[in-house]
Amino acid sequence: MAKEPKNIFSIVLPCFLSLGLLAWLFMTVDYKHIWLAVKGSDMRYMSAAGIIFFLINFLIVWRWRILMKAVGLKARRITSIRWVFIGLFWNLAPISTAGSDVIKGLGLAQETGHKPKVFASIVLDRLSGFAGIVILAAIAFLFGHGIITNKLVIIAIATMSIVSLGIVVMLFSHRIFSFACKAFQAWPKVKENLMRLHYDIVLLKGKQQKGWEAILISIVAQIVLAIEFYLTAKGMHQNIALVYFIIFSPIVCVVTSLPSIGGLGFREIGWVSLLSLVGVSKEMAGGLSLINSAFTIIVGLLGGLLYVTSLSSGRVQYSQADAGLQRSSA
């Protein structure tokens, strides 16, 4: 019974944050001007941006499959694609991206029978994605620091770099990871699963080339995402330099991983705050972000269609052991 309020809170909080941030945005920005900015968009640019947004996900599949091979996990390409898109669907639920990773991992583990390796590949995928974000943000800022001098941007990039380095050191250091796992001494099953995860992650130590390939794909994906935002801005008749999107997009990506409904609210506040630093009106920045939120929802719903299809064909059925693992991890 004690866990039920906790589960309800974990659902209510993301909804509250997303809707609260959107409400605050519409109270400070004239939503009629946002609608006019969106309504007058050039559909040629918007269509190109939407297609690019959809195709970025196949770069994510490619990156994940590289890391699967690195940890010795075999899965069909179509299976990987399906679970990436199902993960995008669950990103729309108020469980944060970490929760969608658990669902994606349990589904693929059910099909492959290699739970530790599946979750090791997901953790490495997240790490390589974050590393790509940090590297691109740092490089872009080095070239663009003359046009963006705001200290908050510097602090954000520095914080991301420090957090990224700290996570990598902890995961790849047996001594530090073992020490951190002592916190789970009262839950031996959870501790055992975490140590297995660690051992599978360490397999990448002898395969650094795969890790760098994954990071390179992450950087390319972030650049393509910045281009997608740039095209969206062009569609709204805004001439905003591409370098701004390359610098700001990684920061917004990190912010949208916070508990929310598919990043909704955090994405809008992030873009409004950052683009206002370079003279873009709040209405235009809000409209640009809302269009990209629409892209996120559309692609997520495609993943939902795959999820329902998988359920109806009996391919996605979680065992009691999986349910027990979820409860022990909670």
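**Close-up 1. Contacts of Phe-245 in the predicted model.**

**Close-up 2. The largest nonpolar core.** This core holds 62 residues. Six of them touch the most other members: Trp-64, Leu-108, Phe-245, Phe-248, Trp-271 and Leu-275. In soluble globular proteins, nonpolar side chains tend to be buried together.

**Close-up 3. Gly-132 in helix H6.** Helix H6 spans residues 115-144 and includes Gly-132. Gly-132 has a relative accessible area of 0%, so it counts as buried, the cut-off being under 20%. Beyond its neighbours within four places in sequence, Gly-132 contacts Ile-215, Ser-218 and Ile-219. The C-alpha atoms of Gly-132 and Ser-218 are 4.8 Å apart. Along the chain, 86 residues separate this pair.

**Close-up 4. Asn-57 in helix H3.** Asn-57 sits in helix H3, which covers residues 43-70. Its relative accessibility is 9%; Asn-57 is therefore buried, because that value is under 20%. The Asn-57 side chain reaches the backbone oxygen of Phe-54 at 3.1 Å. Asn-57 also contacts Val-84, Phe-85, Leu-88 and Val-299, leaving aside neighbours within four places in sequence.

How values were computed
Residues are numbered from 1 along each chain as its sequence is written. This is a predicted model: local features need pLDDT of at least 70, side-chain atom pairs count only at pLDDT 80 or more; totals for chains, interfaces and linings use all residues. Side-chain values use heavy atoms; hydrogens and water are left out. Helices (H or I, at least four residues) and strands (E, at least two) are DSSP runs, numbered from the N terminus. Buried means under 20% relative accessible area, exposed over 50%, partly exposed in between (1.4 Å probe, protein chains only). Contact means heavy atoms within 4.5 Å. A nonpolar core is a set of buried Ala, Val, Leu, Ile, Met, Phe, Trp, Tyr and Cys residues joined through side-chain atoms within 4.5 Å. A polar contact is a pair of N or O atoms within 3.5 Å; within protein, one must be able to donate a hydrogen and the other to accept it, and residues adjacent in sequence count only if both atoms are side-chain atoms.
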